[in-house]
Protein chains: 2
Amino acid sequence: MRPTGKDVARRAGVSPKTVSNVLTGTAGVSARTRTKVEQAMKELSYVPNHSARSLRNGRSGLIGLALPDLSTPYSAELAHHIVDVAHERGYGVQIEETGQDPLREFELMSQARTNIIDGLILNPIFLEKSAVQVGVALPPVVLLGEVSQQLADRVWVDGVSAARDMTLLLAARGHRRIAVLGAEHQRYVATAHTRTEGYRLALGELNIPHDPSLEIPCDVWSPRGSAEVMRSYLETHELPDAIFCFTDSMAIGALSVLSALGYRVPDDVAVAGFDDIADGEFANPPLTTVSFNRREMAERTIEMLIRRMADRHREPETTTVGYRIIERASTLGAQRPARPGQ
Amino acid sequence: MRPTGKDVARRAGVSPKTVSNVLTGTAGVSARTRTKVEQAMKELSYVPNHSARSLRNGRSGLIGLALPDLSTPYSAELAHHIVDVAHERGYGVQIEETGQDPLREFELMSQARTNIIDGLILNPIFLEKSAVQVGVALPPVVLLGEVSQQLADRVWVDGVSAARDMTLLLAARGHRRIAVLGAEHQRYVATAHTRTEGYRLALGELNIPHDPSLEIPCDVWSPRGSAEVMRSYLETHELPDAIFCFTDSMAIGALSVLSALGYRVPDDVAVAGFDDIADGEFANPPLTTVSFNRREMAERTIEMLIRRMADRHREPETTTVGYRIIERASTLGAQRPARPGQ
DNA sequence: TTGAAAGCGTTACCAT
DNA sequence: ATGGTAACGCTTTCAA
């Protein structure tokens with residue numbers, strides 16, 4: 001049987017309350033008593049019972065992290081930093097996956113998990129159906145990503161602005177027929193929406209006529225999903241000058257197909273991504289992308305959640321994490337002049 | 001204030017015990033009572049208090065998953081499946097990261113986390129210093145990966161055999177000067193040890209003389225770490241016929257450097273990996289690798305852990321997950337004849 | 001089938 | 001500075 005605080009108290013010749021005081025540091029404890037108690041703890045290799053503690057003070061010390069799919073590099077890198085920062089702040093992290101399931105997002109937002117986790121970090125995919133829209137009482141939650149709502153705290157990268165910048169960059173490299181992969185389509189996906197908006201904004205500024213056939217939708221934002229879409233797209237469409245993929249994962253899939261079909265990047269077509277996942281730098285060719293500091297994002301998120309847990313009635317806030325474009329070989333090196341007459 | 005079981009009982013006109021019975025299904029409850037109670041629960045949107053439950057029955061319903069680095073594709077994919085299978089079995093997953101830190105591995109193995117988690121899945125990197133070696137009382141734990149010990153349950157892929165097979169395959173493609181990247185070196189790293197062993201085994205069978213300069217150590221098993229090592233290696237060594245990287249991540253780094261230096265894969269040099277991470281298929285060229293079923297690994301692991309949690313005194317077991325080699329373009333296509341005279 | 005009471009291990013309140 | 005007592009919300013005896 002594992003020793004309890006009572007056992008420690010008995011051995012140290014004090015009351016259970018004193019043991020608790022030593023542990024929590026709430027009330028003052030004399031140096032002698034403290035030493036005695038700590039000695040006893042060590043001898044019994046005492047570990048406080050987490051459940052009892054949680055029950056008593058109403059906090060579990062755990063936060064939930066809900067991501068669409070942990071196995072994607074972007075989510076994995078984010079989770080890595082969230083876990084790290086949370087630990088620094090004394091919190092454990094319980095992982096949840098929402099898949100592509102709006103219902104699951106909703107469940108998590110409902111109070112159901114209360115008392116397992118003290119707060120939730122949620123990276124939703126769908127907006128309309130998402131629980132964020134519903135006027136239910138929220139648990140302490142911070143939303144991650146391009147969700148446009150004002151009901152909950154949020155940390156995001158300005159996808160409109162970043163997509164606009166990337167499009168302008170590709171244009172500056174001489175490209176006119178700039179395609180986007182992952183474009184807005186039927187189902188409302190926040191990330192697709194904002195980035196498509198930024199893309200269109202840039203085209204407008206550049207006076208490049210809008211060509212719907214260059215907005216390529218992609219249901220599954222993975223290398224495989226992207227590869228399938230690109231392969232069939234290229235069977236029926238002319239090769240664009242540049243392909244701006246809304247995630248690096250999609251860009252990697254696109255690079256794979258382009259290479260398999262014998263196209264050279266960036267000579268025949270430029271490719272850019274978004275997210276700056278670790279593998280992008282080691283793609284072949286290395287990938288131009290929108291980069292932002294994942295660690296900073298994690299820190300801001302955890303800090304915001306801790307503030308929210310402390311006061312559930314604060315006004316919702318939005319934190320914007322900065323970005324910068326990193327240009328690598330996938331758009332560089334074969335700078336073609338702007339085609340005359342277009 | 002959140003409603004308790006007592007509140008539900010009052011509203012339904014029954015005792016708290018009956019509410020508990022409805023919830024757990026331990027004792028029989030008449031259909032009418034059950035309906036009444038469930039109605040009351042719904043009206044109050046009652047959610048059982050997890051801490052109280054854990055305190056009472058001594059189980060938290062959480063298992064810990066400790067990985068070296070969640071942001072690597074291999075770990076991320078594994079975590080994805082573990083989380084998924086654990087949920088199916090009714091468990092939540094708390095993530096821990098051990099970094100490259102043997103001490104952290106030890107801490108986790110100590111009883112410290114008891115009562116937060118019911119059991120632990122640990123993917124250790126170091127063997128000698130790892131807590132597994134110490135004769136301390138273990139929490140319910142399943143070790144993941146190529147750790148050679150008999151003190152705890154374990155799920156692994158036979159790295160010796162797989163590395164041997166891959167080496168034989170490369171030889172069958174006509175390669176003689178087969179290098180390995182990630183070779184055993186100074187610090188004892190279990191995965192490096194077993195795979196190097198399999199490699200040497202194959203060379204022995206093939207009567208290929210052992211050339212230490214073809215065993216390339218690599219401290220950081222990431223694309224970046226591998227790229228750095230390969231770059232400096234190639235400055236002072238002749239290009240091998242084939243490079244067998246002990247992980248796909250390292251292979252991706254190697255491909256990147258080889259391509260940057262103007263070498264063609266597989267024409268100038270064949271490259272193979274290990275793990276079959278998702279991006280390997282979309283690498284340029286697609287990567288030959290050792291594949292194994294991650295989902296199956298997760299299932300075996302969770303099942304083993306559940307058994308261990310049920311009976312802490314069972315004899316430790318080892319489960320071996322099968323593998324198969326998937327040959328893709330990085331070793332295929334430019335099949336050179338065995339060089340005469342070697 | 002249901003109810004009453006006890007107790008899981010901890011901490012808060014109130015004394016001393 | 002320290003100790004006693006009660007309470008957190010649940011489940012498990014034991015009785016009815």
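Q: What makes up the surface near DNA strand D, by residue class?
A: The residues of that surface divide into 9 nonpolar, 12 polar and 5 charged, where Ala, Val, Leu, Ile, Met, Phe, Trp, Tyr, Cys and Pro count as nonpolar, Asp, Glu, Lys and Arg as charged, and the others, Gly among them, as polar. This is a predicted model, in which local features need pLDDT of at least 70 and side-chain atom pairs count only at pLDDT 80 or more, while totals for chains, interfaces and linings use all residues. Residues are numbered from 1 along each chain as its sequence is written, with chains lettered from A and ligands numbered from 1 in the order in which they are written.

Q: Why are residues such as A:Gly28 and B:Asn49 said to surround DNA strand D?
A: A residue is near a strand if its C-beta atom, placed from the backbone, lies within 6 Å of it; 26 residues surround DNA strand D, and A:Gly28 and B:Asn49 are among the closest.

Q: Which residues of chain A and chain B are counted as being in contact, and how many are there?
A: Two residues are in contact if their C-beta atoms, placed from the backbone, lie within 7 Å, and 40 residues of chain A are in contact with 40 residues of chain B. By class, the side of chain A that touches chain B has 19 nonpolar, 16 polar and 5 charged residues.
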